[in-house]
Amino acid sequence: MADATSFLTEGRAALERAKDARRRFVELPADADYSRVVFAFDRIRAPIDPARGWSGLWQHTHPDPTLRDAARTLEQELSAFDTELSLDRAVYDRLALLATAKAPTPEEARLVEKSLKEFRRSGVDRDDATRARIRVLSDELVVLGQEFETNVISDVRSITIADGRRGLAGLPADYVAAHVEDEHGAVRITTDPSDYIPFITYAERADLRAELYRANTTRAVPQNVGVLKKILERRAELAGLVGYASYAELMLDDKMVGGAASARRFIERVVDLARPRATAELAELVAEKRERTGSADVIRDHERFYWIERTKAERFGFDSQSVRPYLAYASVRDGVLATSQAVFGLEFRRDDSAERWHPSVECYDVFDHGARVARFWLDMHPRPDKYKHAAMFPLASGLEGERLAEAALVCNFPEPNGDDPALLLHQQLTTFFHEFGHLMHHLLGGRQRFLAYSGIATEMDFVEVPSQLYEEWAWSTGILQRFARHNVTGEAIPAELVQQIRDAEEYGKALHVVVQMFYAALALEYHSRDPRELDLLATMVEQKRKISPFPYEEGTHFYASFGHLVGYGAAYYTYMWSLVIAKDLFGVFGADLGAPDPGANGAAARYRRHILEPGGSRDAKELVRAFLGREYAYDAWQRWLES
Ligand SMILES: [Zn+2]
């Protein structure tokens with residue numbers, strides 16, 4: 001098992017190899033061959049790519065706190081090197097010699113052009129004092145980002161229900177069983193998602209839901225109020241130093257969206273399209289609440305999921321708990337893996353001899369036509385001090401003939417234990433498929449000649465396309481019936497139930513879209529305005545009033561635990577942007593995914609070839625055009641929204 005010292009030592013050795021590669025690149029003779037220069041430039045970061053991946057994963061998942069600390073330290077050192085490299089005048093000048101030379105291939109020309117542009121966005125052509133300041137700001141931002149995330153993870157809040165389990169009315173039996181009353185007869189509910197989400201969805205006691213919602217939206221307060229302010233100040237200063245009006249402008253300049261104004265227009269367009277339907281949905285929730293409680297004129301945040309659940313139970317005669325017996329964790333895992341193997345004609349083999357960071361972790365090798373092409377890890381169950389959400393962590397970017405692509409899925413699904421098969425919600429199955437879509441993108445896009453193009457190295461606002469497209473597999477009757485069997489009777493999930501799940505689970509989707517756009521607008525505004533004059537709370541309240549159908553709750557501070565502000569910056573809009581594209585691409589697959597065709601001209605094979613395998617080697621727009629044979633459009637997304 002890796003220990004903190006050897007992890008750090010190996011990471012630092014990799015860093016030294018990267019520094020050597022940088023030195024060798026700068027020393028290349030002026031008349032060196034174009035391809036040799038591009039290749040040497042591309043390989044500077046190759047030694048630290050896996051170290052970065054593992055430090056990203058382990059700071060969020062390793063059970064050993066000294067290793068988590070070591071991973072954070074290493075990440076800081078690797079980021080410092082990246083910053084230094086992005087400001088290295090000698091590297092820039094050497095690469096710039098190619099700017100006027102004739103490139104042997106379009107791929108290489110694109111790499112040079114993009115890299116030079118990226119250098120200038122980083123400030124490489126600024127004076128020494130400016131570059132020194134950029135370095136300081138960038139290093140501080142890494143530490144502040146970690147601080148923000150650590151404050152969120154470590155501040156688990158809870159409510160105590162003095163009435164004990166009587167306060168759990170409405171919740172599923174296994175949830176109740178898992179919450180034992182203490183010696184005073186009280187039950188504690190935490191803000192961890194595995195506790196929080198079922199409670200906010202099913203608990204009948206509105207006062208307790210309100211209390212838990214408040215606990216959740218005051219996490220990391222006041223610590224992160226100051227941290228976030230500092231992050232926004234430094235980001236704005238950074239953008240100013242390299243000639244941008246705001247951090248949003250700097251960040252969105254190289255995305256598909258092309259700039260902050262265009263992102264704002266996108267958000268407005270989506271809100272306009274979704275508003276009529278969202279208003280109708282809200283009216284239904286209010287009507288349902290009024291019918292059951294006798295009075296209602298508004299739905300509050302802590303009531304939203306509860307009334308959506310009640311309304312759909314009423315409308316569709318559907319209880320989301322009724323699907324769970326078909327979704328035991330082990331069969332879901334096997335099903336997601338089997339589906340991916342069938343869709344892309346791959347074979348996954350579990351490797352039980354691989355050294356793992358926790359006993360529940362699994363390791364799989366990916367084979368394509370008998371050749372090992374990638375490796376992935378599953379870390380799927382909750383434990384203390386582990387990342388609370390679901391995400392794919394890239395561990396190594398693949399390089400054809402040199403290194404296999406590698407990645408980990410980190411989720412928080414219930415764990416089978418003795419007689420408990422760990423039954424999932426359909427939503428969790430969807431999440432599993434979503435993250436697996438990211439995984440396949442990183443792994444299948446990892447057979448590249450250049451590191452710069454490997455895996456998910458595409459435009460950030462295209463990254464959620466493969467994952468959101470993959471969610472569609474969670475709705476296919478043909479796919480589900482292969483693995484979703486009742487854990488007692490063994491019966492395959494009935495087709496009517498699948499349709500019911502879809503109708504029910506998508507119920508309230510326009511409200512969801514509008515809330516998403518509130519988050520997107522918030523992230524964009526925080527990164528567009530002058531942080532010296534920015535009031536975090538007032539801006540959030542203002543955006544919530546403008547966009548969200550749910551009123552602001554006095555005293556809550558959602559932004560203090562809005563983790564995407566660190567990782568996604570101004571770019572939260574990317575989810576919906578990607579969904580518009582994903583819905584269009586999905587049309588090519590046809591309605592039934594039950595019989596995926598791995599043949600060379602089947603939709604899945606063409607999707608793999610045109611969208612996943614190119615990684616970042618071409619602009620996302622071009623990939624989409626190659627797959628669709630035209631530009632993408634909003635029609636499919638709009639049909640989905642209105643269906
Ligand atoms: Zn995603």
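This is a predicted model: local features need pLDDT of at least 70, side-chain atom pairs count only at pLDDT 80 or more; totals for chains, interfaces and linings use all residues.
Two residues are taken to be in contact if their C-beta atoms, placed from the backbone, lie within 7 Å.

Helix 23 spans residues 574-586. Its cover includes helix 13 (260-293), helix 17 (464-470), helix 20, helix 25 (620-628) and helix 26 (635-642), which lie over its buried residues. Twelve of the 13 residues of helix 23 are buried, so this helix is largely enclosed by the rest of the structure. Among the buried residues are Met-576, Trp-577, Leu-579, Val-580, Ile-581, Leu-585 and Phe-586. Lys-583 and Asp-584 are buried too. From its first C-alpha to its last, helix 23 reaches 18 Å, close to the 18 Å expected at 1.5 Å a residue.

Helix 20 (residues 509-526) also packs against helix 21 (residues 536-547). Their axes come within 9 Å and cross at roughly 145 degrees. The crossing is right-handed. Helix 20 contributes Val-514, Met-517, Phe-518, Ala-521, Leu-522, Glu-525 and Tyr-526 to the contact. Helix 21 meets them with Thr-539, Met-540, Gln-543, Lys-544 and Ile-547. The contact residues divide into eight nonpolar, two polar and two charged.Five strands form an open sheet in the order 3-4-5-7-6, with mixed pairing. Strand 3 (346-350) and strand 6 (391-396) are the edge strands, each pairing on one side only. Neighbouring strands of the sheet are turned by 25 degrees against each other on average, direction ignored. Strand 5 (residues 371-379) pairs with strand 7 (residues 405-410) in the parallel sense, over six bridges. In this pairing, Arg-375 stands opposite Glu-406 of strand 7. Helix 3 (residues 49-61) lies across strand 5, strand 6 and strand 7. Helix 3 runs at about 145 degrees to strand 6. Helix 16 (residues 426-444) packs on the sheet as well, touching strand 4 (362-368), strand 5, strand 6 and strand 7. The direction of helix 16 makes about 170 degrees with that of strand 7.

A further pairing joins strand 1 (residues 158-161) to strand 2. These two strands run antiparallel and share four bridges. Ile-161 stands opposite Val-187 in strand 2. Side chains alternate along strand 2 (residues 187-190).

Most residues other than glycine have a negative phi, and most peptide bonds are trans. The loop between helix 10 (206-216) and helix 11 (223-241) holds Pro-222. A cis peptide bond joins Val-221 to Pro-222, with omega about 5 degrees. Ala-220 lies in the loop between helix 10 and helix 11. Phi of Ala-220 is positive, near 60 degrees. Ala-220 has 25 other C-beta atoms within 10 Å and is therefore buried. Ala-422 likewise has a positive phi, near 60 degrees. Ala-422 sits in the loop between strand 7 and helix 16. With 19 C-beta neighbours inside 10 Å, Ala-422 counts as partly exposed, because a buried residue needs 20 or more.

Leu-87 occupies the loop between helix 4 (65-86) and helix 5 (89-96). With 22 other C-beta atoms within 10 Å, Leu-87 is buried. Residues up to four places away in sequence aside, Leu-87 touches Ser-122, Gly-123, Val-124, Arg-131, Ile-134 and Arg-135. Leu-87 and Arg-372 are 285 residues apart in sequence, and their C-alpha atoms are 38 Å apart in space.

Conventions:
Residues are numbered from 1 along each chain as its sequence is written. Axes are lines fitted to C-alpha atoms, for helices over the stretch in contact, and angles run from 0 to 180 degrees between N-to-C directions. A crossing is left-handed if the near helix is turned anticlockwise from the far one by less than a right angle, and right-handed if clockwise. Ala, Val, Leu, Ile, Met, Phe, Trp, Tyr, Cys and Pro count as nonpolar, Asp, Glu, Lys and Arg as charged, and the others, Gly among them, as polar. Two strands pair if DSSP finds at least two bridges between them. The expected span of a helix is 1.5 Å times one less than its number of residues.
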